[in-house]
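Open the model in your viewer and keep the selection panel at hand. The tour goes from one selection to the next and says what is there.

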Amino acid sequence: MAWKTIKWPVYHLFAIALAVLMLYPVLWMLMSSFKESRLIFVTAESLLPDKWVWSNYADGWKGTAGYPFMTYIWNSLVIVVLSTIGAVLSSSLIAFGFARLSFRGRNLWFALMMVTLMLPHDVVLVPQYVIFTKLGWLNSIAPIVVPQFFGIPFFIFLMVQFIRTIPRELDEAATIDGCGKLRLYARIILPLLRSSLATAAIFSFYWRWEDLLGPVLYLNSPDKYTVSMALKMFLDSESTSNWGAMFAMSIVSLVPVIALFFAFQKHIVQGMATSGLKG
Amino acid sequence: MLKRNTALRNDLTGYAFISPFVIGFLAFTLIPMFISLYLSFTSYNLFSAPRWIGLDNFVKMFTGDPKYMNSLRVTFLYVFVGVPLRLMFALFIAMLLNNGSRLIGTYRTLFYLPSIIGGSVAVSIMWRNIFGSEGIVNSALIAIGLGPVSWFGDPNAALGMLVTLSVWQFGSSMLIFLAGLKNISPEMYEAAGVDGAGPARRFFRITLPLLSPIILFNLIMQTISAFMTFVPAYIISKGEGGPMDGTMLYSLYLFRQAFMFNNMGYASAMAWVMLIIVGIMTAVLFFVSKYWVFYESEGGR
């Protein structure tokens with residue numbers, strides 16, 4: 001009987017302890033970013049700084065390789081925004097085609113799309129690099145952004161699943177009213193697809209914002225570098241032991257990711273769960 | 001005649017909508033795959049024309065390149081230790097969260113957070129530093145009497161560091177498990193409880209079988225993505241794969257061959273071997289699944 005009364009407190013205590021343990025590294029980095037650089041590893045065991053300093057942020061914000069950190073944020077944002085618009089728009093068009101139109105070869109193309117979803121990216125890494133080099137696209141954002149305008153299999157799959165749940169009566173009514181396929185897509189399906197579009201946009205944001213391989217391969221001059229590349233540069237010059245600035249800018253790079261997560265976690269959680277279950 | 005016209009019209013409309021995918025698939029996947037297949041039989045450094053060398057790349061991989069064999073070994077260790085641990089952890093937390101508490105949403109958020117930020121350079125930098133010689137992991141190990149571990153000196157320890165980072169990001173598997181657990185009706189457990197089944201029995205006789213299709217799905221997806229892990233190994237080892245190639249995951253070695261040493265042909269051959277390995281692993285998982293995956297309703301998938 002005693003177990004009944006203490007069951008919930010014990011449960012919550014355990015869950016909270018586990019969550020703290022898991023998030024401790026992030027907390028540690030956050031707190032370290034407010035410590036003086038030379039003290040970070042001397043006082044690594046104590047979470048809170050003895051004296052809170054902002055100088056790491058001021059330092060990091062000045063940037064690295066001769067450009068202010070804002071430059072890298074701006075470069076990342078340009079890539080993220082263009083990529084996300086391209087990925088979401090093209091994926092929704094393609095998904096509408098797969099979910100609502102009947103044409104010869106549809107199943108074949110859908111199957112090819114599903115295979116692409118599982119295809120290890122490494123197989124196309126080298127030839128894509130060769131192609132983009134021959135096209136003269138090196139040291140530009142084109143190799144990173146342009147492919148996004150041709151549909152992302154994960155998003156297409158997500159949206160096809162969602163469109164299939166929209167009653168077909170809506171399409172039929174609109175068709176009787178003389179609505180063509182393009183207007184059907186733009187006026188009826190797209191507005192109903194909002195939540196899937198949001199989910200896709202969020203994932204697209206994450207992937208491009210955190211992307212390292214694309215910038216490492218295709219961007220050569222620091223003025224075009226993204227936030228990920230800037231952090232890598234901080235790391236490469238770590239021997240100067242300016243850990244504080246590196247931690248501070250790492251935290252800055254995580255802020256949009258975490259903020260977006262808290263603002264839209266319902267979309268993210270649902271997107272993950274449904275796409276997984278129906279796989 | 002009229003009928004054929006409508007069919008043609010339907011085809012044209014359909015292809016118009018999926019044309020971005022068709023073009024993208026040809027330009028960024030299919031044609032590159034053919035190029036990659038061709039390059040895998042050549043010696044190519046991007047600057048002079050590819051030179052046909054037959055199977056030499058493949059022969060070299062398995063007979064003349066110990067670094068390659070080591071990267072294969074390291075990657076298999078990473079996948080076969082990391083993925084089961086990650087899934088077990090994900091299932092454990094999902095079961096922990098699958099009850100009526102009002103705080104579930106909050107806990108779910110907290111446990112999913114590492115997965116959201118996990119792929120970023122920032123987190124790899126963080127991992128590098130908490131495992132440093134003066135980092136908090138060693139402090140904790142000393143505190144419980146296990147002594148400091150030389151994470152950046154011992155290749156196995158360094159790989160362990162990568163594995164813990166991958167286990168730490170169990171969030172998306174957890175969400176998928178959680179959704180699956182919600183679909184199991186509580187009546188099943190009640191009925192089993194009435195029949196005198198304890199928690200362990202209920203877990204092995206109800207939860208695991210009903211969840212098995214989802215476990216299979218997670219297993220396949222996580223295995224493929226683990227095999228392609230790049231960023232953590234690249235950042236934590238500063239691109240070198242060290243110490244003593246302990247963190248030289250397959251993708252990192254491929255990247256180094258292609259873009260540091262300009263061995264584009266060799267790297268293409270490596271990519272194809274990887275594709276074949278991933279394909280075989282997926283096929284084996286599917287084949288073995290017949291013996292342990294339980295489908296509640298036939299044709300439900």
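Predicted model: local features only at pLDDT ≥ 70, side-chain atom pairs only at ≥ 80, totals over all residues.

**Stop 1: helix 3 and helix 7 of chain A**

Select residues 69–100 of chain A, which form helix 3, and residues 153–163 of chain A, which form helix 7. At what angle do their axes cross? The crossing is at roughly 45°, and the axes come within 8 Å. Helix 3 of chain A and helix 7 of chain A are therefore oblique to each other. Their crossing is right-handed. Now show the side chains at the contact. From helix 3 of chain A, the residues include A:A87, A:V88, A:S91 and A:R100. From helix 7 of chain A, they are A:F155, A:I156, A:M159, A:V160 and A:I163. By class, this contact has 12 nonpolar, 2 polar and 1 charged residues.

**Stop 2: annotated spans of chain A**

An unreviewed UniProt entry gives the annotation "transmembrane region" to several spans, among them residues 144–163 and 184–207. Select residues 144–163 of chain A: the span is 65% helix and 0% strand, and its end C-alpha atoms lie 28 Å apart. Next select residues 184–207 of chain A. This span is 96% helix and 0% strand, with 30 Å between the end C-alpha atoms.

**Stop 3: a loop in chain A**

Go to the loop between helix 5 (122–134) and helix 6 (142–145) of chain A, where A:N139 lies. Is the phi of A:N139 positive or negative? A:N139 has a positive phi of about 60°, although A:N139 is not a glycine. Most residues other than glycine have a negative phi.

**Stop 4: where the chains meet**

Show chain A and chain B together. How many residues does the contact take from each chain? There are 89 from chain B and 89 from chain A. The area buried between the two chains is about 7,800 Å², and carbon and sulfur atoms give 79% of that. Select B:F17, B:F21 and B:F28: these supply 10% of the area that chain B buries against chain A, more than any other three residues.

**Stop 5: helix 3 of chain B and its partners**

Select helix 3 of chain B, residues 66–97, with helix 10 of chain B, residues 199–227. The two pack at an angle of about 140°, their axes 10 Å apart. That makes helix 3 of chain B oblique to helix 10 of chain B. This crossing is right-handed. The contact has 13 nonpolar, 5 polar and 1 charged residues.

The crossing is right-handed. Among the residues in contact are B:V74, B:L77 and B:Y78 of helix 3 of chain B, and B:L159 and B:L162 of helix 7 of chain B.

**Stop 6**

Select residues 72–285 of chain B, where an unreviewed UniProt entry places the feature "domain: ABC transmembrane type-1". The span is 75% helix and 0% strand, and its end C-alpha atoms are 19 Å apart. Finish at B:N262, in the loop between helix 12 (250–260) and helix 13 (264–292) of chain B. B:N262 has a phi near 60°, a positive value in a residue other than glycine.

How values were computed: Residues numbered from 1 in each chain as written. Chains lettered and ligands numbered in written order. Heavy atoms only, no water. Axes fitted to C-alpha atoms, helices over the stretch in contact; angles between N-to-C directions. Helix = DSSP H or I, 4+ residues; strand = E, 2+ residues; numbered from the N terminus. Parallel < 35°, antiparallel > 145°, perpendicular 65-115°, else oblique. Left-handed = near helix turned anticlockwise from the far one by under 90°. Nonpolar A, V, L, I, M, F, W, Y, C, P; charged D, E, K, R; others polar. UniProt positions renumbered as here; feature names shortened; annotations may be inferred. Contact = heavy atoms within 4.5 Å. Buried area = accessible area lost by both parts, 1.4 Å probe.
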